[in-house]
Amino acid sequence: MTAHRGPGSRPLVLKFGGSAFADLDGFHRVARYAVRRGTEEQRPLVIVVSAMSGTTGRLKQTLDAVSADPPADAAAMLLTTGETVSVALLAAALAAEGVAACPLPAAGTGLLAEGPADRARLASASPEALFRALADCPIAIVPGGQGLDSAGRTVMLGRNSSDLSAVAAAAALGADTCELFSDVPGVCTADPYLVPEARVVSKISYEGVRRMSRHGAKVVHEGAVDWAERAGVRLLCRPFPWSGDPHGGTAVGPGPESAAVVVHQGSDVWCFPTGRERRAVGARLRAEGLGATEFDTAGEPCLTVPAGARGVAGHLRTARRLDGLCLVTSLGADGLAEHTVVPRSDATAEARRRHALLYPDAGTPRPFVPAPGKARSAHSDVLIGSSPAPRCENKPLD
């Protein structure tokens with residue numbers, strides 16, 4: 001593969017989520033697809049990769065077993081290794097296809113960040129390092145969700161932030177589109193793993209998808225949407241493998257809003273004595289890169305907090321957790337949000353009911369089938385082994 005680098009040849013930026021690497025053959029599938037796209041379009045590629053599915057979660061479990069409150073820089077050092085592994089394996093797969101690729105560390109991305117090392121805020125994106133890499137080979141491979149701080153240390157841009165890396169790289173390189181590949185067919189009106197009747201939205205505005213993300217939907221990273229809108233980068237959300245269907249996937253850019261249902265599966269519900277305390281805590285959590293949805297239930301001010309998130313205990317001293325409950329949110333196309341708290345065991349049924357209210361013309365609901373777990377790579381334990389990590393006890397030495 002030889003990439004054309006003419007004056008009008010802007011790099012093509014592709015991001016592949018962890019589901020693309022559910023098995024080792026996934027690296028070969030992505031490599032073959034990348035070679036084909038680069039050859040067809042005759043331009044260089046920047047490929048942003050996530051960790052193999054399940055890897056970051058296993059690393060976090062191991063970290064939690066060692067320390068309930070590890071230093072942020074130590075957490076970042078460990079939790080970014082999954083993406084580094086994916087970079088190396090994809091470079092090897094491309095080499096097997098006869099294509100030289102540049103595997104880049106965080107220092108080669110041009111992404112600078114500030115704030116806590118394990119959930120830093122992306123501050124700037126520079127194209128020089130990527131252009132240098134592309135001068136030597138037709139494909140540059142970037143670890144998703146990583147950047148450098150002012151001291152030159154690798155930091156993590158929060159969980160699920162590979163979208164952000166890809167869009168920031170596209171914006172810096174002057175690309176007009178950025179393609180985001182995942183395990184769902186595009187931006188959907190609900191999580192298709194929970195709501196089989198969910199529809200794929202063919203076109204949606206930046207604000208529409210940002211609102212879904214802000215309310216907890218696992219669509220496109222909210223920060224990525226902000227960067228895309230500022231730079232005028234159109235996002236193409238597609239499943240992988242991708243058939244090339246011109247009517248498939250979702251285009252995010254200028255466009256309409258869309259109604260949707262969000263189940264806050266990965267969050268706990270906390271109630272506060274006053275609305276003022278709730279608002280203050282919500283603001284602090286968001287400033288630290290943690291999503292928090294504020295709402296009222298039974299006359300009490302509440303918010304959601306990502307379950308198991310580090311560093312939140314100090315913010316929740318005056319709050320109480322509503323164990324066993326889950327927030328379900330309906331987002332209207334008019335921008336209004338309606339929140340309902342239900343037992344966690346009823347959340348999927350409630351989401352399907354609410355989706356049927358938003359889309360009554362969807363036909364007869366399909367029979368309820370328990371949602372399957374998302375695929376986890378059989379190799380997600382490559383860094384720490386397959387045995388569950390027991391929590392370490394800090395005991396004095398004999």
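## The model

This is a predicted model, in which local features need pLDDT of at least 70, side-chain atom pairs count only at pLDDT 80 or more, and totals for chains, interfaces and linings use all residues. Residues are numbered from 1 along each chain as its sequence is written, and side-chain values use heavy atoms, with hydrogens and water left out.

## Overall make-up

The protein has 10 helices and 19 strands. Helices (H or I, at least four residues) and strands (E, at least two) are DSSP runs, numbered from the N terminus. Of the 398 residues, 51% are buried. Buried means under 20% relative accessible area, exposed means over 50%, and partly exposed lies in between (1.4 Å probe, protein chains only).

The accessible surface comes to about 18,100 Å². Carbon and sulfur atoms hold 54% of that surface. Such areas come from the Shrake-Rupley method with a 1.4 Å probe; for residues, only the protein chains shown count as cover. A contact means heavy atoms within 4.5 Å. Take the contacts between residues at least 6 apart in sequence: 72% of them join residues at least 24 apart.

Strands pair if DSSP finds at least two bridges between them. I204 has V252 of β12 as its bridge partner.

## Strand β6 and its neighbours

β6 runs parallel to β2, joined by five bridges. In this pairing V48 stands opposite V142 of β6. β6 also runs parallel to β3, with three bridges between them. There, P103 has I141 of β6 as its bridge partner.

β6 is mostly covered: five of its five residues are buried. In a regular strand the side chains alternate between the two faces of the sheet. In β6 both faces are covered. I139, I141 and P143 are buried on one side, and A140 and V142 on the other.

## Helices on the sheet

## An aromatic cluster

Rings of Phe, Tyr and Trp (its six-membered ring) pair if their centres lie within 6.5 Å; planes under 30 degrees apart count as stacked, over 60 as edge-to-face and the rest as tilted. By this rule there are seven aromatic pairs. One of them is F16 with Y33, edge-to-face, at 6.4 Å centre to centre and 80° between the planes. F16 sits in strand β1 and Y33 in helix α1, 17 residues apart. Both F16 and Y33 are buried.

F181 and F240 make another edge-to-face pair, at 6.0 Å centre to centre and 80° between the planes. F181 lies in strand β9 and F240 in the loop between β11 and β12, 59 residues apart. F181 is buried, with a relative accessible area of 1%. F240 is buried too, at 14%. F16, Y33, F181 and F240 form one aromatic cluster.

Helix α10 (residues 347-358) has 12 residues. Its span from first C-alpha to last is 16 Å, close to the 16 Å expected at 1.5 Å a residue. The expected span is 1.5 Å times one less than the number of residues. The buried residues of α10 are A347, T348, E350, A351, R352, R354 and H355. Their cover includes β13 (260-263), β18 (325-331) and β19 (337-343).

β18 and β19 run antiparallel, joined by seven bridges. T329 stands opposite H339 of β19. Their hairpin has five residues between the strands, and G335 takes a positive phi near 95° there.
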